[in-house]
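Please load the model in a viewer and keep the selection panel at hand.

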Amino acid sequence: MASNHTSIPLTCVIWIVFLVFFGSMQLCPCLSGNSSKSGSCIEKERKALLGIQKGIYGAHKWLSWDGKDCCRWIGVGCDTITGHVVKLDLHYPYPCDVAYPDERCPNKSEVSPSLLDLRHLNHLDLSMNYFGGAPIPDFIGSLANLEYLNLSNAGFGGTLPHQLGNLSNLLHLDLNNGYHLDVNNLDWLAQIRFLQHLDMSYVHLSKESNWIHVINMLPSLSVLYLSGAALSSLPSILPHVNFTSLTILNLFGNNFASSIPGWLFNLSSLEHLNLGLSDFRGNIPLAIGNLKKLQILDMSTNSFSGHIPETVWSLKSLRSIDLSWNSISGGIPETVGNLKSLESLDLRGNSISGEIPGTLGNLGELHRLYLSNNVINGQIPETVGNLHHLEELRLDNNSLAGVIPRTVGNLCNLYKLDASKNNIGGEITGFMEGFSRCSANRLRYVNLHDNNLSGPLPSQIGEIKSLGSLNLGANSLNGSIPTSLGKLSSLSELNLTSNSLAGALTEAHFANLTSLLSLDLSHNSLTVNVSQDWLPPFKAKYIRMRSCPLGPKFPQWLRIQTNLLELDLSSAGISETFPHWFWDTCLPRMVLNVSQNHMKGNLPNPIEKKKGKLPSFGPLLSNEPSVIDLSNNLFSGPIPPTLASHYGGLEVLVLAHNKLNGSIPSAFCEANNLVVLNLAGNDLSGILPDCWGNSLVLSVIDFSDNKLSGGIPSSIGSLSHLSSLHLRNNSLSGKIPLSLQQCKQLIIIDLGNNKLSGSIPEWAGENLSSLRVLCLRSNMLDGNIPIQLSPLASLQVLDLADNKLSGNLPPSFGNFVAMIGIPNGSKPILSGDVASYYVENLLITMKGRELIFTAVLSLVTSLDLSDNNISGEIPEKFTNLRGLYYLNLSGNHLTGRIPENIGAMEQLESLDLSRNNLSSTIPTSISNLNSLEYLNLSHNNLSGRFPNGNQLRTLINDPSVYMGNWYLCGFPLLEKCPDDEPAEGPTAHGREEKQDENENDSEMIWFYVSLSPGFVVGFWGFLGAVMLKKSTRYAYIRFIDRICDWIYMAITINSARPKSKGNCGRM
């Protein structure tokens, strides 16, 4: 028995030793190279691999496939027992943005059929290559052992092959594609029943309406990515949810246009849910609270409304919430403090109101807090200082008030602080001091722009050595800038614009600003006090010191700023001309603005520089500013022709309001990139160049207020992008060229105050449908006003005044759409980029004076046909123009009545109908014009009572309102109307007059009562003195005698003098 008991264990030991020895013999050759026999792989598979490598672009550079043992090759894995290749990873290893490919991205590759020789392959990765839009080969479906297939971002195109459904062992399928893959039928996917990971992002599934039911047949599915898959349908009811193992669901970037279906909240295993940018609508369902395991929630950029349900704040596993850019309202509840695991909270771009709850300070793991672009009010809570892990705090574009609490300075891990565009006040010293005490400060970005901050900049700011961007512009900071600012060697952006800072900046302020790229000190009272030979330690790209008193000399320290892309020294009090070295600082795409100074001298001539007068000018074609604004200075002399030809990249040239003379160089016609050309307000003369056929993108021409003569050249009609044409106040003659009708994008035509003749072109209304302003005033145009102008739906300003136009007023002018509705100014006159460099302007005569409209021009509506020879009646349809602000029909021969319904033009601020032959009564409805500020009805044949009204009472003190109408009566005129006599019975008006009469009678009675005692005392006092005292009586009688004698002698002498005779003859 004993021998039997010992023999069984011994037998087991023998078998174990045998198995270990046999296994080691099999495994040893594969320990280092995963090969099967004698240190080499299977030859057939080795050759297949080499064939596959040949089809992959650049594989020889990053695949070191040397030697015979293919199992040792990079990206190749072999079975440890059989030696067969089971893994092939050929993903492109270098970084490449598929959306924006560059030289780092691969060229076209091909999938070799040799792949079929790797029958035992279970892992295949061809991602990040580029297969040139070729379809995915059908034969991949023959690799039946595949468990992992990654063809993402590989440039495959066409329709997904249904043969992929043969890969029944597949666990991981990644077809994420930035190219043009689509699906006709997805039924084959249901055959891969063990699939756990599926990524079909950016594969077009729009043709597959049954997609969710196919997905529902994959019970093992754990990860599903369908972002950007062009899905548009998501059923509201799913009878049985079969893919409950799902932990990640990403439907980002689709177009469902519906609410979230209820069945989605039965996926109780979900940990990551992304429904962003998919046009989901309605309220966020309360059932979201069922997803107890949820860690990542992204519902951003949808159309959700209503409040955030309370159940969201009960999901204690949440690490990230992104509900940004929806229409969510309501406040942030105190229960947000329950989410102790939360690392990121993003509620940007909603309508969230109320205050920031103090319980937010309980979120000790929070790294990112984004609450910008809401209507949150109140103060920033002190408890924010408890968020010691916080890296980004964005509170910009809200209605926050109060001060920034000192506790914010405790956030030593904070990387970005943005509380711009609020109403935050107080000083910044408190929390800035806190940051300066952090041992390992990480603060890089501070933006408090556009608040109500006051006080000085703290000297401790120089201790925040990590600071890279500081924007404190548009506040009320005062005092001087501390020299400690010069310690910030990492600072690349400094913006202190629009404050009340004063004092001088010295070399110490810039001592260590070696990283400075952008400097904006505009709209302060800062000067720069440095030595003439000072060399700044930085080479900035953007320097803006607008409205800083830098003059009178041009700053010498700019000499080494050779990397400038923008320089703004406008309104800086500079009176010198450009120094000879300046143009070396000009780089391609540079924006140069030195407007609103007193700079003088001639404009720079590139030819002179090239000849050596200014030898430091440098290569002309490599240093091309794209914007030059020298307006409102004292530059004189002619415009150098080479200014345009040598600056081929010039996009905007503004030389307006100087003293330039000579003619306009024809070289401007060759400036192919020129968009804005503004030469207004100079002394330019001669004719306009007729060579505009090569100007490809010219959008704005302003030559107004010069001394130009001749005709308007026909070549201007070739400017297909022309939107604004200003030739006002010159001496141009001839007719308006027919070619101008080809400028289909014209928005403004201002040809006023010239000597143009002919008729108003009918084609303006037929071809220039975008026209918003047409000003032809003060020319010599004749003929009738064309009714063809009526269809101009965008026309806001029509000024044809002071011409020789005749005929009747077109009734169809009452159909001007832009004058019927009330303008809201939402659509600017000129589009974005052009409006940045050119402010539209228009001279409009209204309210009896000339006004220039600029920024508010988009709000103006005006119709001025005054001082012509127009006859007939004012059409009743004119009263349809309820959005019209200014109407002037004065100085014509209009007859008939003022339209009865003129009171319907409720926006009218100025109405001038003077100097016509209008008759009958003034409509009583005119008193309904409550916005009226100027009214002139003088010199007509109007009759009857002058209307009474609230607004009219403010205008009647000016006689020009009604003078020259001899048959008008009633207040405020002196002439009473026939029906002004008091009627039977005491009317209110009669009672007032009677009361006035009684008051007058009472005053007369008291006058006579006061006069009587005076008369009695005076008369009897004198008579008593004469009668009672003898000497007085005799003296008085002698005085009377002398008076009578003098009168008698004067009459006698005068009558005895001989009379002279007139007209007795000529000499």
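Begin by selecting Cys743, which counts as buried because its relative accessibility is 0%. The model on display is a predicted one. Next select Cys775, a cysteine with a relative accessible area of 3%, which is therefore buried as well, the cut-off being under 20%.

**The disulfides**

How many disulfides does the count come to? The count comes to six. When the bonded cysteines are counted along the chain, the disulfides of the protein follow the pattern 1-2, 3-4, 5-6, 7-8, 9-10, 11-12.

Select Cys71 together with Cys78. A disulfide joins Cys71 to Cys78, with an S to S distance of 2.0 Å. The value about the S-S bond is -95°, and the link of Cys71 and Cys78 is left-handed. Both Cys71 and Cys78 are buried.

Move to Cys96 and Cys105. The sulfur atoms of Cys96 and Cys105 are joined in a disulfide, S to S 1.9 Å. Is the link of Cys96 and Cys105 left-handed or right-handed? With 100° about the S-S bond, the link of Cys96 and Cys105 is right-handed. Cys96 has a relative accessibility of 16% and so counts as buried. Cys105 is likewise buried, because its relative accessible area is 8%.

Then select Cys969 and Cys977. The disulfide that joins Cys969 to Cys977 has an S to S distance of 1.9 Å. The torsion about the S-S bond of Cys969 and Cys977 is about 100°, and the disulfide is therefore right-handed. A relative accessible area of 7% makes Cys969 buried. Cys977, at 5% relative accessibility, counts as buried.

**A serine in a loop**

Select Ser300 and display the residues around it. Ser300 is found in the loop between strand S13 (296-298) and strand S14 (303-306). Is Ser300 buried or exposed? Ser300 counts as buried, because its relative accessibility is 5%.

**The cavities**

Rolling a probe the size of a water molecule over the atoms shows where empty space is left. A search of the whole structure finds seven cavities of 30 Å³ or more. The largest cavity has a volume of about 60 Å³. To display the lining of the largest cavity, select Ile736, Leu740, Ile749, Leu751, Pro761, Trp763, Ala764, Leu774 and Leu776.

**The largest pocket**

The last stop is the largest pocket, which holds about 630 Å³ of space. Select Asp629, Ser631, Val654, Tyr837 and Val839: among the 30 residues that line the largest pocket, these are the closest to its centre. Which elements each supply at least two residues of the lining of the largest pocket? They are strand S30 (566-568), strand S31 (590-593), strand S33 (625-629), strand S35 (652-654) and helix H10 (832-837). Colouring by class shows 12 nonpolar, 11 polar and seven charged residues in the lining of the largest pocket.

Technical notes: Residues numbered from 1 in each chain as written. Predicted model: local features only at pLDDT ≥ 70, side-chain atom pairs only at ≥ 80, totals over all residues. Heavy atoms only, no water. 1 Å grid on protein atoms, 1.4 Å probe; cavity = no way out; pocket = protein on both sides within 12 Å on 5 of 7 lines; lining within 4 Å. Points joined across faces, edges and corners; volume = space filled by probe spheres on them. Helix = DSSP H or I, 4+ residues; strand = E, 2+ residues; numbered from the N terminus. Nonpolar A, V, L, I, M, F, W, Y, C, P; charged D, E, K, R; others polar. Buried < 20%, exposed > 50% of the residue type's maximum accessible area, 1.4 Å probe, protein only. Disulfide = S-S within 2.5 Å.
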